[in-house]
Amino acid sequence: MENKELLENDITQEIIDLLRSNIGAEELMEALDDYHENDIAEAYEALDKEDRQRLYGILGAERLSEIFPYIEDVGEILAEITPEQAADVLENMDADDAVDALEDIEDEEQREQLISLMDKDASADVRLINSYDEDEIGSMMTTNFIVIGKSFTVKQAMRSLIAQSKDNDNINTIYVEDENKKYYGAIELRDLILARDYTPLEDIISHSYPSIKADALIADTIEDLKDYAEDSIPVLNPADEIIGVITSQDIIEAVDDEMGEDYAKLAGLTAEEDLNEQLGESIKKRMPWLLLLLGLGLVTSSVIGIFDKVVASVAIVVVFQSLILDMAGNVGTQSLAVTIRVLMDEEISGVEKAKFILKEMRVGGTNGLILGVIAFVFVACYLHGFKGYLWVHAFRISAIVGFSLFVAMIVSSFIGTIIPIFFHKIKVDPAVASGPLITTINDLVAVVTYYGLAGLLLVGHI
């Protein structure tokens, strides 16, 4: 890893030296062809403002449009050049990259000015993508794709491909529309290249090639998109016309975003936070769950208060409380993670859910039995060897610890499974059944079990 970082730093410095050199524009452009745009972007960001402004005239809008999508905060970089220059760069980008770049610009009037300065087709593409909500597929599509008519011959299709590839480099899959502009199928580039002139185009069109509606929710469709594993998938409007495509890179980014949101929810948050978020916004996201967990925590503490006589009579039981609670929480969180994964399959039946719940309880019970026996032996040895308890008392306490652990793990498996299923049933994202929520409920159950057994079996006997 360290060697890789050193190599990356060396490459970045090479490019920086190259960009700062006084070589001619043509020679510089040719030298930059040896480097990936991501590396060039890192070097470009490391330059000062004056160098970047000087390079605009050398590199030009078209070359910069290939580099800018790799810059983290491209809004600041765009602000260094004139609105006309920024619009030239944006209109040369893929529409989805241009939309991402415009989102980095906080001033709404400035964003609208740049869009209006872009050429007609580019601004129309940006407005189309912006017309969809951020949780819809249309908001992450690109308009970089090739489309041909179903009535074309192989030769006509190849000519159209060559003509369109000047502005669209997403050519691995060619999409086909019928005479009414509706999506008809897809052709792999390899099949088109290998087809003879006399081969009917219909023979190489795949009619089963997947498509997706632009207004479909990302969260509901991301698993299906992953399963197809295609370079790109066409996005259709309500009239079944192709208006864009989702690329494999878009899918990777969507999966990453969904995982980030789920991690936020599992942490008890309502949404992801970022470094620039205002204090009040962060507090607003966290407070609802914290209030709920505080209420449940107070209930748990009140229950413990009921058993104060047990604690006063046999204080040693408090030592093993955290062992029971921690293991119950761990098991509940494991079941939660597995259940959320299972619930991604929308076709799972009620019977299958019931079988899954029983399976999780069996897993929790088996693990609880094994860990309970281990705890029974080690706690007894600890109490006898280090605390001086008689074996009979040591085993009585360790039996309660072991049995409580066994019961808590079975119950935790059940709670960790049934809560996300319930949330899913009422059309609430099961990820909101967060780890803290399940852990707190499990704490309540484990405390009642543990101290209840201790009160019945220990008070008056030790």
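Contact here means heavy atoms within 4.5 Å. With that cut-off, Leu 78 touches Phe 68, Ala 86, Leu 90, Ala 101 and Ile 105, leaving out residues up to four places away in sequence. What you're looking at is a predicted model, where local features need pLDDT of at least 70, side-chain atom pairs count only at pLDDT 80 or more, and totals for chains, interfaces and linings use all residues. Residues are numbered from 1 along each chain as its sequence is written, and side-chain values use heavy atoms, with hydrogens and water left out.

**The chain overall**

- The protein chain has 19 helices and 6 strands; these are DSSP runs numbered from the N terminus, with helices (H or I) of at least four residues and strands (E) of at least two.
- Of its 462 residues, 43% count as buried, where buried means under 20% relative accessible area, exposed means over 50%, and partly exposed is in between (1.4 Å probe, protein chains only).
- Take the contacts between residues at least 6 apart in sequence: 66% of them join residues at least 24 apart.

**Nonpolar cores**

- A nonpolar core is a set of buried Ala, Val, Leu, Ile, Met, Phe, Trp, Tyr and Cys residues joined through side-chain atoms within 4.5 Å.
- The largest one has 57 residues, and Phe 68, Leu 78, Leu 90 and Ile 137 touch the most other members.
- Helix H4 (residues 49-67) gives the most to this core, with 6 residues.
- Another core, of 27 residues, lies apart from it and has Val 317, Ala 375, Leu 405 and Val 447 among its members.

**The E4-E5-E6 sheet**

- Three strands form an open sheet in the order E4-E5-E6, with mixed pairing; two strands pair if DSSP finds at least two bridges between them.
- Strand E4 (212-213) and E6 stand at the edges with a single partner strand each, so one side of each has no neighbour in the sheet.
- E4 and E5 pair in the parallel sense over 2 bridges, and Lys 213 stands opposite Leu 236 in E5.
- E5 (residues 232-236) and E6 run antiparallel, joined by 5 bridges, and Val 235 stands opposite Gly 244 in E6.
- E5 and E6 make a hairpin with 5 residues between them, and Asp 240 in the turn has a positive phi of about 65°.
- Strand E6 (residues 242-247) is mostly covered, with 6 of its 6 residues buried.

- Gly 332 sits in helix H16 (residues 321-342) and counts as buried at 0% relative accessibility.
- Gly 332 and Phe 414 are 82 residues apart in sequence, but their C-alpha atoms are 7.8 Å apart in space.
- Beyond four places away in sequence, Gly 332 touches Ser 412, Gly 416, Ile 438 and Asn 442.
- Ala 394 is in helix H18 (residues 391-425) and is buried, with a relative accessible area of 0%.
- With the same exclusion of residues up to four places away, Ala 394 touches Ala 380, Leu 383, His 384 and Tyr 389.

**An exposed helix residue**

- Leu 298 belongs to helix H14 (residues 279-306) and counts as exposed at 52% relative accessibility.
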